[in-house]
Amino acid sequence: MADQPSVTRQSAPERVPTGVPGLDVILQGGLLRGASCLVLGEPGTGKTTLGNQFAYYHAGTGEVALYVTVVAEAHDRMLVHVAGFEFFDPQLVAHRVHYLSLVHQLSEDGLPGALAEIRRLVRDHQAKMLIIDGASRFEDFAGSLPAYRRFVAELLAQLAILNCTTVLLTQPDGDDGTLNSIGTLVDAIVLLEDRSIGVRDARLLRVLKLRGSASLRGRHEFAITDRGVEVYPRLEAAPIPARATQPSRQKRCPFGIDGLDAMLGGGVLSGSTTLVAGPPGIGKTTLGLHFVAEAAHRGEQGMVATFGEAPERLIAKADGLGLDLGRHVAEGRVQIRWQPSADRPLDAWVGEVLAAVRADHPQCLVIDGLSELAGLATFPERLPAFLGALGHALRAEGVATLITAETPTVEETGLVVPLPEAAATLDNAILLRYVEPRSRLHRLISILRVHQSGFDPGVREFTITNHGIEVASTGASAESVLAEVSHLPTSSDRSEGDQE
């Protein structure tokens, strides 16, 4: 038997960061040095903006980038559009970012002339990044598909020898919007899409291929803002933080509500996620405000991420209940993050929240509005996986998190959990509900589950007073209310009685 060649593990290839927020996370560090990347997208999806953003970021590191066009669009017109983005730096134009056209060489000398010109430009400028916009136009001068593929293969091979990272911008040529005839020749393929989903438009980015490297799979939303292209990696596509899976010493995080803390054995555990569910107006937000105010009272950091009421209204509500939230906010112990618009990618919101958590290290976090959170999701079916990933991320930071959610009815004697598949991913669940025997409204609280801890499974009555929420020390009053409800005639009973 012939000797087999020995194979040794090579060092990781050099990465070329793109400078596009979020994209390097998806690419696990950026493109590979000297490799080729095909960026596919229909007109208007952001290919040209992305290519320019690559070039200016690369030039900002001190190297030279060439932006070469194969279409007849004037460069001064392109610069007018690019100049509106924050990444644009006019001082780099014609110094480290060079705009060049191949239209003349293609018309006069065909593909051989274009290849020679590209090679000359890269060498003369000592460029380490080349963007070719409208790369599919090369096929018009090739005469046949095999000739086009041979030209592209030779082009990429020569650029790899020059250690120049090449990005080809073009449209897909397959019916499914993902295929391209030169896809097998390149090292990476990035697909840009602009979809209408219901009443919303969503920009989506997907890495179809990345030779020699892993990437975050699936579709990720992105936006074109004043800063340029911003990509928002799907939270559940990222690896689970190692700290989230390692045993840690947990402490109790109380609410500062004696009856409730007694039911929970002193409070919820740090690093846990808790669902607080109940109908509108029952006190879910108030319970959350108790939670962060109590943390601030202990000298710890708290944070509220809200979709509904503005920070001023939340502070006024809390201060009206004697929680002194305004002082805690003014002194920097509580941070309120308000997201009033639902027309925003879910991962853009969570990225900002997690960045704030890692910067400010709150011990307690309240996310006020699971329904509103679900409204940010372009694809609602991903919500359970998203919440599970969010729990892992917050657990890694040691944050005790409350998430409020509305139940579908105002009065409910049974136990109704909203979005049950999503709620099942959370550690703990607290249910608030109304009952109304004999035209008098009562509020009841019960603990449905607590992960890794004992709890009181009984039902207790609670009230909202000028001093905030008060929970009964025993279940006697709740038992009396529920007994009264169970003995009231139902609507069907009354109907049968009337018929008799």
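Predicted model: local features only at pLDDT ≥ 70, side-chain atom pairs only at ≥ 80, totals over all residues.
Two strands count as paired if DSSP finds at least two bridges between them.

Strand β8 (residues 188–197) and β9 run antiparallel and pair over 10 bridges. Within this pair, alanine 188 has leucine 210 of β9 as its bridge partner. The hairpin of β8 and β9 has 2 residues between the strands, and glycine 198 in this hairpin takes a positive phi near 65°.

The next pairing is that of β9 with β10, again in the antiparallel sense, over 4 bridges. Here leucine 204 stands opposite glutamate 221 in β10. Strand β10 (residues 219–225) also pairs with β11, in the antiparallel sense and over 5 bridges. Glutamate 221 stands opposite tyrosine 232 in β11.

These strands belong to an open sheet of 9 strands, in the order β5-β4-β6-β7-β3-β8-β9-β10-β11, with mixed pairing. Which strands lie at the edges of the sheet? They are β5 (97–101) and β11 (228–232), each of which pairs on one side only. From one strand to the next, the twist averages 25°. Helix α3 (residues 75–82) packs on the sheet and touches β4 (65–69), β5 and β6 (129–133). The direction of helix α3 makes about 140° with that of β5.

The loop between β9 (200–210) and β10 holds serine 213. Is serine 213 buried or exposed? Its relative accessibility is 19%, so serine 213 counts as buried, the limit being under 20%. Leaving out residues up to four places away in sequence, serine 213 touches Arg15, Leu27 and Gln28. With arginine 15 there is a polar contact between the two side chains, at 2.4 Å.

Strand β20 (residues 442–449) and strand β21 (residues 459–465) run antiparallel and are joined by 4 bridges. Serine 446 stands opposite valine 459 in β21. Strand β21 in turn pairs with strand β22 (residues 468–471), antiparallel and over 4 bridges. Threonine 463 has glutamate 470 in β22 as its bridge partner. A hairpin with 2 residues joins β21 to β22.

The next topic is the nonpolar interior. In soluble globular proteins, nonpolar side chains tend to be buried together. The largest nonpolar core of this model has 38 residues, of which Phe255, Leu260, Phe291, Leu325, Ile445 and Val471 touch the most other members. Helix α8 (residues 284–297) gives the most to this core, with 7 residues. A second, separate core has 37 residues, including Ala55, Leu92, Val190 and Val207.

A disulfide is a covalent bond between the sulfur atoms of two cysteines. A search of the whole structure finds 0 disulfides. Cysteine 253 is buried, with a relative accessible area of 1%. Cysteine 164 also counts as buried, at 0% relative accessibility.

Technical notes
Residues numbered from 1 in each chain as written. Heavy atoms only, no water. Core = buried A, V, L, I, M, F, W, Y, C linked by side-chain atoms within 4.5 Å. Buried < 20%, exposed > 50% of the residue type's maximum accessible area, 1.4 Å probe, protein only. Axes fitted to C-alpha atoms, helices over the stretch in contact; angles between N-to-C directions. Contact = heavy atoms within 4.5 Å. Disulfide = S-S within 2.5 Å. Polar contact = N/O pair within 3.5 Å; in protein donor to acceptor, adjacent residues only side chain to side chain.
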